[in-house]
Amino acid sequence: VRIGTSGPPPVARGTASGLRSPTLMDSLTQIALGAAVAAACVPPVQRRKGLLVGASLGTLPDLDVVLDYGGPVENFTMHRGFSHSLLVLIPLAVLVWLALWRLWPPVREAPRRWLAATTLVLVTHTLLDAHTAYGTQLWWPFAPPPTSWATIFIIDPLYTLPLLVAVVAVLIRPASIATGRVLVAGLVLSTAYLGWTWTARAIVMENARASLALRGIGDAEVFLTPTPFNSLLWRVVARVEGGHLEGLDSVVANDGLVEFDVHPSDDTALDAAAEIRAVERLRWFADGFASAEVIDDELVMTDLRMGQHPVFVFRHVAAARDGDGWRPIASRRLPTVMNLERVRDLWPRIWAAERNVP
């Protein structure tokens with residue numbers, strides 16, 4: 001299937017934009033996760049101390065957002081880089097533990113438990129980030145595309161709530177047996193929910209593949225991600241020559257095969273500008289799920305993984321036309337307008353098909 005690039009893109013129905021920044025999730029969810037993990041690792045009498053250390057370490061990797069890497073494209077594609085690499089975080093966890101062991105008596109009272117706490121807090125942080133659409137560079141300084149399992153939306157109350165309950169229980173009665181049970185239950189429930197998102201993804205992928213096979217493109221590259229604040233309604237993106245297909249699939253509604261809308265991309269211009277650093281970097285970061293359009297002789301690139309047509313979170317001007325070719329320019333990110341009404345409109349689609357799909 002090849003998509004033509006002439007004419008305006010079709011207007012999508014029931015669309016929803018994503019959030020402005022992947023760090024909006026991290027502040028609350030990662031603090032709660034880090035605090036709960038650390039409290040579960042340390043001795044009961046030290047649980048409040050574990051909360052403090054876990055919450056701090058749970059925030060630490062995301063402090064890279066204060067760094068300026070030189071431009072919008074660099075800041076976008078280098079976030080969740082070195083500070084989220086397992087090759088950095090595991091040694092860092094040991095160094096933090098050694099520092100605490102030397103300076104803080106509670107760690108010397110239970111050194112193995114505190115080593116487990118510092119290590120698990122940092123490792124679970126980056127692994128949770130890898131479950132989002134933005135992705136995580138787990139193996140920096142090596143350079144495969146960021147790991148983006150995309151099984152959970154960047155804010156999902158059903159994942160975060162059990163962790164918050166566990167944290168509150170520790171704050172109220174830290175050393176009690178009941179609190180220990182609540183703490184374990186919170187971690188088990190949040191982990192089980194994350195496991196469910198993998199099951200939902202598998203269900204949607206099977207339906208997506210069957211739907212694409214009927215179009216004769218069963219081998220198309222597919223990206224799946226849940227729609228905002230839930231794991232029941234999923235967005236399906238298939239990258240094909242000249243553009244991408246986009247549709248929705250519910251794991252609870254009997255909505256049949258995925259019905260796709262077709263959206264063009266100026267892949268000719270994208271390929272012509274492929275050697276420009278910003279273009280190359282954005283394509284690498286999106287692992288191929290990037291589209292392009294030419295606006296006022298500038299190449300605008302869209303990361304198709306975050307947002308929903310026609311509103312996407314990350315759009316960058318990456319190059320400018322130069323005669324028959326393209327030249328580098330100072331890249332810039334185009335603004336995104338958050339529209340919660342679009343998110344609200346998706347709720348009925350979870351429970352019933354928008355259209356009858358044959």
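**Sheet and helix packing in the predicted model**

Strand β4 (residues 261-264) is joined to β3 by four bridges, and the two strands run antiparallel.

On the β2 side, strand β2 (residues 233-240) pairs with β3 in the antiparallel sense over eight bridges, and Leu233 stands opposite Ser250 of β3. The two strands form a hairpin in which two residues lie between them, and Gly242 in the turn adopts a positive phi of about 85°. The sheet as a whole is open and has four strands in the order β1-β2-β3-β4, with antiparallel pairing. Because β1 (221-226) and β4 stand at the edges and each has a single partner strand, one side of each is left without a neighbour in the sheet. From one strand to the next, the twist averages 25°.

Helix α8 (residues 177-214) packs on this sheet, where α8 touches β1, β2 and β3, and the direction of the helix makes about 45° with that of β2. Helix α11 (residues 340-351) lies across β2 and β3 and runs at about 65° to β3. Strand β3 itself (residues 243-250) is mostly covered, with eight of its eight residues buried. The covering applies to both faces of β3: Gly243, Leu245, Gly247 and Asp249 are buried on one side, and His244, Glu246, Leu248 and Ser250 are buried on the other.

A further set of antiparallel pairings involves strand β9 (residues 315-322), which is joined to strand β6 (residues 298-303) by five bridges; in this pairing the bridge partner of Thr302 in β9 is Arg315. Strand β9 is also joined to strand β10 (residues 325-333), in this case by six bridges and again with the strands running antiparallel, and Asp322 stands opposite Gly325 of β10. Strands β9 and β10 form a hairpin with two residues between them, and Gly323 in the turn has a positive phi of about 65°.

Turning to the helices, α4 (residues 86-103) and α6 (residues 111-129) pack at an angle of about 150°, with their axes 9 Å apart. Since angles over 145 degrees count as roughly antiparallel, α4 and α6 are therefore roughly antiparallel to each other. The crossing in which α4 passes α6 is right-handed. On the α4 side, the contact is made by Leu86, Leu89, Ile90, Leu92, Ala93, Val94, Val96, Trp97, Leu100 and Trp101, and on the α6 side by Pro111, Trp114, Leu115, Thr118, Thr119, Leu122, Val123 and Thr126. Classified by residue type, the contact of α4 with α6 comprises 15 nonpolar, three polar and no charged residues.

One of the contributors from α6 is Thr118, a residue found in that helix. Thr118 has a relative accessibility of 1% and therefore counts as buried, given that the term applies under 20% relative accessible area. When neighbours within four places in sequence are left aside, Thr118 is in contact with Leu57, Ala93, Val96, Trp97 and Leu100. Among these partners, Ala93, Val96, Trp97 and Leu100 also belong to the α4 side of the contact between the two helices.

Methods: Residues numbered from 1 in each chain as written. Predicted model: local features only at pLDDT ≥ 70, side-chain atom pairs only at ≥ 80, totals over all residues. Heavy atoms only, no water. Axes fitted to C-alpha atoms, helices over the stretch in contact; angles between N-to-C directions. Parallel < 35°, antiparallel > 145°, perpendicular 65-115°, else oblique. Left-handed = near helix turned anticlockwise from the far one by under 90°. Contact = heavy atoms within 4.5 Å. Nonpolar A, V, L, I, M, F, W, Y, C, P; charged D, E, K, R; others polar. Buried < 20%, exposed > 50% of the residue type's maximum accessible area, 1.4 Å probe, protein only. Pairing = 2+ DSSP bridges.
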